[in-house]
Amino acid sequence: MTLHATQTHDSLGDALAAPDSCFAETVTEIEHYTDGLFRFRMTRPASFRFRSGEFVMIGLPGTAPVFRAYSIASPNWDDTLEFYSIKVPGGPLTERLQHIRPGDTIWMRRKPTGTLVIDALVPGRQLWMFATGTGIAPFASIIRDPESYEKFDRLILVQGCRHVAELAYARGLGASLGDDPLVGAFAAGRLQLITATTREDSAMTGRLTSCLADGRLETAADATLDPATDRAMICGSMAMLNDMREALQARGFVEGSNARPADFVIEKAFVG
Ligand SMILES: Cc1cc2nc3c(=O)[nH]c(=O)nc-3n(C[C@H](O)[C@H](O)[C@H](O)COP(=O)(O)OP(=O)(O)OC[C@H]3O[C@@H](n4cnc5c(N)ncnc54)[C@H](O)[C@@H]3O)c2cc1C
């Protein structure tokens, strides 16, 4: 179900003035996928600039607001900002955030940051993006940025989840990109989405690192993950980051950063 800004409701305590360190933005659209996942859009401050793949801190208005890191899922040219979120039972932010409605206010700190940016990679021909769960959010930004297609011949987005229903956001992205007037033509034939599940059978079943180790990922992509030509980005749980980092290093990939671009970069999708 998608809710749009024309629908109103009792707002979530947005009468407070935002601190100077924050923008106060208005929720315009919400879509719930499962009991644990949703996405929303909000207005974008005119002065707010970011690089596709970066994250910001967001919170809800309150006298002691809780701020959490969120990857911006929309690309840097977009008029509005999209976020893709988990709903953690009892979570200090998401227990409330999951109930936002169009017209509500979100506070957003002014400075974006992050390592999942194309500038942190040396030039290559293919860009692989490995995500588990909400770790797909920064890649939703990158695959919708025309610059990604100027820098790489091919983009391969790989998402692992527990259940098939959790792949809905990725599948929606793939479907909507084809019709996108700005990026659709760039992405045609050059973006591939590969999904895998761990707790339910699907076209590919197993952890991403297992699917890489036994060759299924490269077969599905019809490509070899090779540091001579390929670059990679990883966003997920600590366990996935560590395992995938090891797998890439074993193939000769060198980890990079904003200060020292190299073959691959990583970022935690959450703390804990
Ligand atoms: C760099 C960075 C970028 C992030 N980007 C996103 C994003 O785009 N979307 C998003 O939903 N979250 C993202 N997170 C996580 C986010 O900051 C919050 O942790 C999350 O919104 C839950 O907030 P909370 O206050 O409800 O619970 P918290 O107290 O923050 O979390 C409680 C517990 O829930 C689990 N958890 C938290 N977030 C996740 C998650 N995303 N996936 C799986 N388990 C989780 C962890 O075990 C954590 O200890 C990001 C975190 C970091 C560090």
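How many residues surround the ligand, and which are the closest? That was my starting point, keeping in mind that this is a predicted model.

**Entry 1: the ligand shell.** I found 25 residues around the ligand. Gly91, Leu93, Thr94, Phe270 and Gly272 are the closest. Next I looked up which elements give two or more residues to this shell, and got strand S5 (67-71), strand S6 (80-86), helix H1 (94-97) and strand S12 (264-268). I also sorted the shell by class: 14 residues are nonpolar, seven are polar and four are charged.

**Entry 2: the domains.** I then checked how the protein is divided, and it has domain 1 (2-109) and domain 2 (118-268). Taken over C-alpha atoms, their centres are 25 Å apart.

Why does the ligand lie between the domains? Both domain 1 and domain 2 give residues to the shell, so the ligand sits between them.

**Entry 3: where the domains touch.** I looked at the contacts next. On the domain 1 side I have 17 residues, in contact with 14 residues of domain 2. For the domain 1 side, strand S2 (22-34), strand S3 (37-43) and S6 are the elements that give two or more residues.

Definitions and conventions:
Residues numbered from 1 in each chain as written. Predicted model: local features only at pLDDT ≥ 70, side-chain atom pairs only at ≥ 80, totals over all residues. Near = placed C-beta within 6 Å. Helix = DSSP H or I, 4+ residues; strand = E, 2+ residues; numbered from the N terminus. Nonpolar A, V, L, I, M, F, W, Y, C, P; charged D, E, K, R; others polar. Domains from an automatic or database assignment. Contact = placed C-beta atoms within 7 Å.
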